Amino acid sequence: MLRILLPHRTVAAVTPGFGPRRRILSVLCFLSSACTALAGSPEPLLHELDRAIGNEKEYVARKEAYLERLKGQLSEPGLSPETRCFICLNLAREYETYKCDSAVSYSLRTIAEARSLGNTQWMNDGKIQWARSEAKAGMFADALDILNSIASRDLTLRQRVEYYKTHIECFIYQIEYQDGHNLDQLIRNRGLYQDSLLRIVDRNTFDYAIYSGHRYIARNRLDSAEKILTDFLPGVEPDTKEMASLTSVLSHIYGEKGDYDRQKEYLTISALSDVKASIKENISLRALAVLLFQEGDLRRANRYVKKSLDDANFYNARLRNIQTSKVLPIIDKAYELDRASQQRKLRMMLTMISVLSVILIGAVVFVALQMKRLSRANKYIENANSRLKNLNAILQNANRRQQETNAHLAEANHIKELFIGNFLDICTEYIEKLRAFKVTVNRKIRAGQSADLLRLTSNTEGTAQELRELYVNFDRAFLNIYPTFVEEFNALLREEERYPENEDGSLNHEMRIFALIRLGIRDTNKIATFLNYTARTVYNYRSKVRSKALNTGEDFEERVKRIGSESI
């Protein structure tokens, strides 16, 4: 793990009377940070830092607006030299951590205004501020020369504190820059001025806490340094250079202790405070980038170190440019290698995806072919089912015709049975009459009554009577088979042409002809022979009845043949 150099900030006493509301916010911020540290994951803070860097223009615009207001005051007419001197010093202090050359410029203007007034105190304030700005710019010899030009016995207590702080910072920057050259002497000089500062500074101030922490760290008393800084932390206003400086020192302490999660956490808080306070003279973001680089978070490390270099270029300080420029190539190279590795993995994944896509396309084509085959098979099955349905329909029609044929056969058989029964009765009756007639003839012959026999056989009245009986028996037998014949026959005729039913249940001549047709006898000669009519008479009767039909367009006799089919 990288051991970062002890970070240093330009520090100032905390305003004694900042409001209770800001103090509460500070405490909440500290407690939130503490909870995050206990959870062992500073990732939410890193996300907040990412958002803050994304919104940096907003913070810079706020800083620039404040500086412009101060410059606007400086350009107002009628200002007294004292007021001009005061505004120039404020501008120098505001530019101290924002833009180094502007800080130097306004420090020199402060000195010029103080010289015109002949005010030694203002001039000493300007020189201290000038020396501090030159030290930050890396002009250490010039800074020390400026400080040495100040008569320390003429300084007020406040100025003496700033005087010692500027010496300390000058030696610290030299230690960072010289990288081991004359290091021991520089460390001794820093320690001497720290001791001098701690003897005169108020123990309840930020300066005492931060420089006591430095002193304890130099003596390797890390627990004492941690305690004094963490005790003072809740009273520091968030998102200020004081918060950035204090948390930067705490991160160094935890790094020395090996607690790298808390080191990263406090480095993140320090960097976040730098961004929100628009502090361009910073090292926390660069140190955090190195830490993230060692942990393998190359994307963030590369972004943070480039942001740190941009800040250093904007601040225009040689020291920060050199420090960041040493780190940037290492992280940038690692980031490029990681990106190349990611691109190789991406190409490999694309190759795999391409192969899988080809396999998928092949599978889709195979499934499509199978679906096409299945569709053809389904179509074949549908056609087979359609043919089967047609065959079933044909079979059903055949079955229906067979059933109709069977019904007709059953009807014919029934008619035959009925007529056979009726005509057996008639034949039996006529056989009995023939036997009686034979007995009579035999008796007449024996008795020699030939004249009576001749008279008996010559009488036609008996024959007519026999025919009447034959027709009566026929009508009775027919109506027995078709009891609704007269009603259904009349239904085929127009209402005014219908025949009345005879009271004795016999049929008239026309209906008897059509009764024979119903029985299947359609030959006119046969009908005429049976009814003892001429063929012409039968034809006339048939024509007459057909002319009375309801629908003369249909075959009347065919409809007659269907009479009584359902009742049999």
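**Position of D125**

In which helix is the place of D125? D125 lies in helix α6, residues 120-136; helices are DSSP runs of H or I with at least four residues, numbered from the N terminus. The model is predicted, so that local features need pLDDT of at least 70 and side-chain atom pairs count only at pLDDT 80 or more, while totals for chains, interfaces and linings use all residues. Residues are numbered from 1 along each chain as its sequence is written, and side-chain values use heavy atoms, with hydrogens and water left out.

D125 counts as buried because its relative accessibility is 10%, buried being under 20% relative accessible area and exposed over 50% (1.4 Å probe, protein chains only). Not counting residues up to four places away in sequence, D125 touches L89, R158 and Q159, where contact means heavy atoms within 4.5 Å.

In helix α7 (residues 140-148), the buried residues are F140, A143, L144, I146 and L147. They lie on the same side of α7 because they cover an arc of only 155 degrees around the axis, taken from the directions from the helix axis to the C-beta atoms. A141 and N148 are exposed on the other side of α7.

**Nonpolar cores**

A nonpolar core is a set of buried Ala, Val, Leu, Ile, Met, Phe, Trp, Tyr and Cys residues joined through side-chain atoms within 4.5 Å. The largest has 44 residues, and those with the most contacts inside it include Y163, L229 and I253. Its largest share, nine residues, comes from α8.

Leaving aside neighbours within four places in sequence, I253 is in contact with I217, L222, A225, E226 and L229. A second, separate core of 28 residues includes L507, M511, F514 and V538.

Conventions: Helix = DSSP H or I, 4+ residues; strand = E, 2+ residues; numbered from the N terminus.
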